Structure formats: structure tokens, C-alpha cells
Amino acid sequence: MLRTILTTTAIGIALASTAQAQTAAEVLDTYADIAEANYGDSLESARGLQDAVNALIESPSAGTMAAAREAWLEARVPYQQTEVFRFGNPIVDDWEGKVNAWPLDEGLIDYVDGAYGGPTDANQLAALNVIANPNFTLSGEEIDASEITPELLEGKLHEADGIEANVATGYHAIEFLLWGQDLNGHGDGAGNRPWTDYAQGEDCTHGNCDRRADYLSAATDLLVSDLEWITGQWAEGGDARDHLMQDEQAGLSAILTGMGSLSYGETAGERMRLGLMLNDPEEEHSCFADNTHNDHFYNGVGIQNVYLGRYVRIDGETVSGPSLSDLVAAENPDLDQEMRAKLNNAVQALGQIKTAAEAGFAYDEMLARGNEGGEALIMGGVDGLIDQTRSIERVVAALDLGGIEIEGSDSLDNPDAVFQ
Amino acid sequence: MRYLSILVLSLGFAAPTFAGVDQSLDQHILPGFDRFAESADALAKTAAQDCRPQAVRPAYQAAFDAWMPLADLRLGPSETGALSVGFWPDPRGFTPRTLTRLVADEDPIARDPEGYDDVSIAARGFFALEMLLFDPAFSHYAPGSYTCDLVATIAADLEHQADDLKSDWQTGFAATLRNAGEVGNATYLSRDEALRALYTQVLSSLEFTATKRLGEPMGTFARPRPALAEARRSDRSLRNVVLAAEAAHGLATALADWPVPEIDAALDRVHEAAARIEDPGFQDVDNPQGRLRAEVLQQAVTGLRASIEVELGARYGIAPGFNAQDGD
């Protein structure tokens with residue numbers, strides 16, 4: 001469905017005039033350059049995380065544990081900005097579940113508090129605890145997990161039994177291994193896993209510290225290799241870039257689809273409003289580290305980046321070029337102003353959540369039943385994202401030269417296309 | 001390509017009048033909220049008199065029937081309001097968990113219908129009621145028990161929600177749709193935008209029915225998941241599919257200003273496929289025959305969606321906007 005909106009025709013017609021066709025290709029170039037830089041930054045900071053994790057495993061201490069957590073938090077800043085590349089780019093969408101799947105039944109991975117419960121109707125593996133169990137049965141198959149390797153996590157455990165909540169890899173699995181469960185409910189504090197969970201020998205807490213270290217190491221290595229792969233997809237000659245460039249109309253559609261779907265269905269809907277309405281302290285994107293305010297904020301920044309054609313790298317350099325904004329401004333300057341204002345408003349509203357969280361009002365506290373201040377903050381972000389989605393739809397329509405949009409529509413030429 | 005000629009022809013006629021927005025409100029949406037409010041009122045009154053399952057179930061079924069024509073709308077007051085009336089799917093079991101906790105703690109909120117709107121949506125609306133009225137883990141409660149009071153409170157809260165939705169649509173949002181494009185309407189800057197918003201609801205609803213109401217229990221051939229069928233405890237899974245398809249058809253025909261024989265025929269095919277389903281709760285999707293029948297129904301729902309795109313969307317020259325189900 002999300003791809004349907006943009007297969008309309010008329011973007012193509014807008015681009016049929018030669019001056020704009022030139023611009024559209026440049027806009028796509030800028031977008032692909034930002035993607036390459038943004039995934040490249042995600043990779044670099046994941047390598048920083050890998051170094052910090054190795055240090056934690058080699059010499060476990062409160063200091064190396066804190067450094068690993070800090071490296072994880074830093075790594076999230078560029079990554080969350082890349083989420084705007086997901087929807088609309090099939091290569092990214094098919095891949096991203098390996099690195100950012102959420103929410104997860106963390107009992108699959110390691111020990112959990114008694115209140116977590118056991119297997120559920122929906123997930124028989126919710127409390128499997130692979131770190132404590134070198135052998136187990138999975139959908140009738142005997143699994144040898146005596147060695148915890150990237151292949152085991154990726155090939156056997158991740159989405160085991162076809163259950164999406166069986167998240168064995170990626171940022172949130174690593175987050176759980178660094179922070180542990182947040183047992184503070186709606187109160188102050190994030191997860192508080194002791195560094196001694198990685199101590200070897202007698203100092204080891206909660207058992208199986210060697211296997212826990214193996215798991216953390218394997219998951220971090222996988223994150224790095226997965227980010228290497230996707231960065232390559234956006235380099236010159238990479239499949240994601242080539243796919244984008246094949247068809248200017250479809251390429252612009254991909255940009256707008258990513259902006260709209262991340263704004264509305266994903267961030268405003270699934271991640272923010274639903275969590276608020278469930279009043280569950282675990283219904284936040286980074287529930288172990290209490291970093292959700294940053295997850296949402298950098299999603300908003302990423303959406304703005306691709307419209308404005310401008311991305312500030314983690315080393316301070318800027319990647320910029322001809323943008324979708326330029327294209328819209330040439331067609332309809334008022335709409336471009338509207339779109340820019342809406343993007344600003346949403347980033348500002350998400351920024352208010354971030355500000356409050358950094359001042360001590362954590363996102364899980366905002367989710368508490370009857371917390372009116374928290375509800376207002378979160379709904380401010382939701383409303384901003386929904387509001388900008390309407391303008392994104394207008395941009396789709398505006399690039400469409402109105403009225404003659406029917407000719408050449410994929411959905412008309414090939415009615416089955418919309419279901420693909 | 002074969003549809004292009006239809007289009008080109010239709011462009012030759014006078015432009016559509018866009019009466020469709022008014023018709024969809026007057027024929028489908030507003031009367032629907034009237035009926036829903038009435039049946040939710042009846043449900044609340046029934047539960048207030050006798051909150052035991054046998055007494056409440058018929059009114060529950062009637063209210064759910066009245067809700068289905070509106071269930072998939074996600075705009076205006078329903079953008080957020082629909083979620084607390086019908087929280088589903090619930091892949092991580094929030095509803096049983098939240099209800100279990102309320103009952104175990106005997107949380108006093110169960111005796112406060114006015115304050116109940118602060119409670120998690122997992123413990124509100126039709127699916128919370130269904131769990132309490134139909135699931136053996138909850139449904140053996142006695143009159144005067146905590147659970148019995150909780151049922152009456154959830155029913156009363158549902159009535160409040162129905163009243164709020166009705167009045168918010170009638171007094172506010174209906175005008176926003178009708179006045180699309182007029183000065184001061186910041187939501188819809190043109191008639192086209194209002195039309196597209198409603199059209200998006202029709203297509204999103206059918207997609208939801210195909211991928212969730214049918215797709216969730218079907219799972220994969222190797223791993224069907226009948227336990228994930230919507231409203232299986234109250235044996236409403238099939239009924240909800242049919243009512244949702246009829247609602248999409250009703251809204252589509254209201255939006256159209258012209259005869260829609262293809263759309264009508266596509267709805268007939270949904271009814272035919274539905275008539276062959278043997279288990280109203282889709283619990284037979286784990287055998288090949290049951291699965292095949294569900295697949296045929298799923299194809300019929302998808303076919304209805306396709307015919308609406310061709311016979312309605314193409315003629316208006318509109319494509320759907322973003323929908324609330326986009327995302328993971």
C-alpha cells in the first residue's frame with residue numbers, strides 16, 4: 001500500500017519536461033549520497049561500539065561497561081537518521097530487521113526477572129534463554145548452541161519460529177546485553193545490568209558470563225558486518241543506488257514514501273501513540289537504555305535531512321546538494337514553505353520530548369497512566385508527524401501536475417502491481 | 001493497459017461532481033455512528049443490570065456488528081479514537097496480561113467508569129470485553145465479583161467512547177470534510193484531499209482485512225496460526241471479515257457518483273467465498289482444505305480492493321495517501 005501512492009503517474013509527467021528531469025536526477029544523487037554517508041557514519045560508530053565491547057569483554061569493569069553503553073548511545077544517533085531510507089527502498093526494507101528489529105522478547109536471549117513470565121501463546125520461545133542453554137529444541141529441530149556464533153544468531157535464533165519478537169540480533173539485542181531489563185516500571189532509572197555479568201571466574205554474576213560475552217561479541221560483529229553491507233549498497237555501483245536511479249519517477253516516489261511511512265504509520269503510530277495508549281513502560285523503542293527520546297528525535301531529523309538534501313556527518317562535515325525541496329519550490333513555492341515549516345514543527349515537538357527526558361523526565365515515565373504532561377509531550381510529537389504527513393501527500397500530488405495524472409499510472413497499466 | 005481506455009473515456013465526460021464526500025458522510029459514516037452509539041448504550045445498560053457472560057454476550061455481539069462499518073476508519077476523531085474501541089492485533093498479548101493484572105490487583109479503577117479512559121487500551125473496548133466474556137481463564141466469574149464489575153465498567157466506558165465519537169464526527173469533523181478547500185480549513189486544502197482521505201480509508205481497510213484478519217491466522221502453509229484470528233473467542237472472525245468488506249463496499253459506493261458494477265460483483269465474490277468457510281473463528285486454517293477456503297476469501301477481498309481502485313480511484317484520478325497501517 002505504501003508504495004501505491006507514489007506509483008502515480010504524474011510525478012513522471014512533471015519530470016517529462018527536460019529542465020526538471022535534470023533536477024530530479026540531481027535530487028536522487030543527493031539522496032543517495034546522504035544515504036551512503038549516513039550508513040557510513042552508522043558503520044563507523046558501530047565499529048567504535050565493537051572496540052568498546054571488546055574492551056568490556058577483555059577487561060570487565062564498571063568503566064569498560066559504561067564506555068560500551070556510551071558507544072551504543074553514540075551509534076544510535078546516525079543510525080536513527082537512516083530509518084527514512086527504509087520504506088520505499090526494498091533493499092533497505094528487506095535488510096533492516098536484522099539490525100533494528102523491535103520490540104523483542106528478551107527472555108529468548110538471557111535471564112529475565114520473574115515477573116517477565118514464561119512462554120506465551122504467541123511465542124513459545126519467549127523465555128528460551130539461549131545464554132544459559134547450550135542445547136534446545138526449536139520447531140522440532142535439535143539446536144546445538146554450545147558455541148554462540150554470528151551464524152547461530154542470524155541463521156537459527158533471529159525470528160525463530162517465524163515470530164518477529166524473537167529478536168536475536170541488532171541494536172536492541174545489544175542494548176539488552178549492555179543494560180538488562182529496566183525493572184523500574186514508570187519510575188526513574190534504566191536497565192541496571194551489573195558489569196560483573198561479564199566478569200569471568202568467581203566474580204561472574206547470573207551465570208554463563210563466558211557465553212554472555214560470546215553473545216555480545218557475536219551480535220556486535222554482526223551489526224558491523226550488516227552495516228558494511230548496506231553502506232556498500234549505497235556506494236557508486238551499489239544495488240540500492242542503482243535501483244533508485246533506474247527510474248526518476250520511482251526514485252522520487254521512494255524518497256516520499258520513506259518520509260511519509262516513517263512519519264505516520266511507523267513513528268507516530270506504531271512506536272509513539274500505541275505505546276502511550278498502552279501505558280506500558282516497556283512500550284518504548286529503547287526500553288532497556290531509556291534512549292527512546294533520541295530514537296524519535298533522530299527519526300524526525302532524518303526525515304528533514306532527505307527533504308532538505310542536507311546531512312551533517314558525525315565528523316561535522318556536511319553532505320548536501322539539489323534537494324526535493326528545490327524541486328517542490330520550483331513547482332509550488334508555497335507548498336515548499338509549508339513542507340519546511342511542518343518538518344521544523346515536528347522536529348521541534350520531538351525535541352521537546354528529548355529536552356524533558358534529558359532533564360530527568362524519562363520516556364517511560366511519560367507513558368504512565370494518567371500522566372497528562374507526558375501524554376501532551378508525546379502527542380505533540382505524534383501530531384507534528386501526522387501533520388507533516390499531510391504535506392508530504394500534497395508534495396506527491398503537486399509533483400503530479402493535477403488532472404492528467406492518470407496516464408501511465410502503474411496501478412492502471414498493471415492493476416496487480418499495487419499488490420506487489 | 002487494458003484499463004487505460006476506460007480512463008480516457010471517463011475523462012471525456014464531465015468531471016465528477018465530488019458529491020461523494022457528502023454521500024459517504026450521510027449514507028455511511030454518520031448513520032453508522034448513530035447506530036453504534038445506540039447499540040453501545042444497550043450493551044452498557046445490559047451489563048449494568050447483569051454483568052454475567054450469558055446476559056451480556058448478545059448485546060456484545062450486536063454492538064460489535066454496529067462497530068464494524070466504522071472499525072477501520074483512521075481519520076478525524078477515529079484517528080486515535082478507534083484504537084481504544086478495538087485494540088487488535090495484539091501479538092504480544094497485552095490484553096490478557098493487562099486484564100490479569102487488573103483482576104489480581106483488584107485495581108479500583110474497575111469501579112470508576114468515568115476515570116476508566118485513563119486505562120491502557122489493552123483493557124478497553126471490544127477485545128478486552130471479549131476476553132472477559134468468552135475466555136475460560138476469565139469468564140467463570142460470579143455476580144458481584146471484581147471481574148463482573150470490570151465488565152460493566154468496560155461496557156460503560158465503551159458507551160462513552162461511542163457517544164464521543166458520534167458527537168465529534170457530527171459536530172466537528174463532518175464539516176471539516178464537507179468544507180474541504182474552503183478558507184479556514186487547514187486540514188483539507190481542496191475537495192480532492194477530502195476525497196482522497198476517504199478513499200484511502202476504503203483501500204486501507206481492505207488491505208487490513210486481507211493481511212491481518214485473514215493473513216494472521218493463515219500464517220504460512222507450514223506454520224498456520226489459528227490462535228491469532230481476530231475475535232476468535234466470540235466466533236466473529238469470519239463475520240468481521242464480511243462486515244468489513246461490506247463496509248468498504250458501502251463507503252466506496254457512497255463515494256462514487258455512478259453505477260459500480262465491477263465493485264458490486266467483487267463484493268458478491270467475497271460473499272460466495274465467505275459462504276464456503278466452515279469455521280466462523282478460522283480455527284480450521286491449519287488443515288489444507290480450511291486454508292484453501294481462507295485463501296479464496298483472501299483473494300476475493302484483494303479483488304474487491306482492485307476493482308475499487310479501477311472503478312472508483314481511476315475515474316476520480318486519485319491514488320491513496322499514506323495509511324495508518326504503514327510501517328512494520
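Tutor: Start at B:Arg236, which sits in the loop between α8 (191-218) and α9 of chain B. Helices (H or I, at least four residues) and strands (E, at least two) are DSSP runs, numbered from the N terminus. The model is predicted: local features need pLDDT of at least 70, side-chain atom pairs count only at pLDDT 80 or more, and totals for chains, interfaces and linings use all residues. Residues are numbered from 1 along each chain as its sequence is written, while chains are lettered from A and ligands numbered from 1 in the order in which they are written.

B:Arg236 has 23 C-beta neighbours inside 10 Å, so B:Arg236 counts as buried. The cut-offs are these: buried means 20 or more other C-beta atoms within 10 Å of the residue's own, exposed means 12 or fewer, and partly exposed lies in between, with C-beta atoms placed from the backbone. Leaving out residues up to four places away in sequence, B:Arg236 touches B:Phe64 and B:Ala231. Contact means that the two C-beta atoms, placed from the backbone, lie within 7 Å. B:Phe282 is 46 residues from B:Arg236 in sequence, yet their C-alpha atoms are 9.2 Å apart.

Now B:Pro224, in the loop between α8 and α9 of chain B. B:Pro224 is buried, with 21 other C-beta atoms within 10 Å. Beyond four places in sequence, its contacts are B:Pro217, B:Met218, B:Gly219, B:Val285, B:Asp286 and B:Arg291. B:Gln325 is 101 residues along the chain from B:Pro224, and 22 Å separates their C-alpha atoms.

Next comes helix α9 of chain B, residues 237-255. This helix has 19 residues and reaches 27 Å from first C-alpha to last, close to the 27 Å expected at 1.5 Å a residue. The expected span is 1.5 Å times one less than the number of residues. Of the 19 residues of α9(B), 15 are buried, so the helix is largely enclosed by the rest of the structure.

Return to B:Phe64, touched by B:Arg236. B:Phe64 also belongs to a helix pair. Two packed helices are described by the angle between their axes and the distance between the axes. Helix α3 (residues 53-67) and helix α6 (residues 125-134) of chain B pack at about 155 degrees, with axes 11 Å apart. The contact uses B:Pro53, B:Val56, B:Arg57, B:Tyr60, B:Phe64 and B:Trp67 of α3(B), and B:Phe126, B:Leu129 and B:Leu133 of α6(B). Axes are lines fitted to C-alpha atoms, for helices over the stretch in contact, and angles run from 0 to 180 degrees between N-to-C directions. α3(B) and α6(B) are therefore roughly antiparallel. Angles over 145 degrees count as roughly antiparallel, under 35 as roughly parallel, 65 to 115 as roughly perpendicular, and the rest as oblique. α3(B) passes α6(B) in a left-handed crossing. Left-handed means that the near helix is turned anticlockwise from the far one by less than a right angle; clockwise is right-handed.

For context, look at chain A. Chain A has 15 helices and 4 strands. Of its 420 residues, 57% count as buried.
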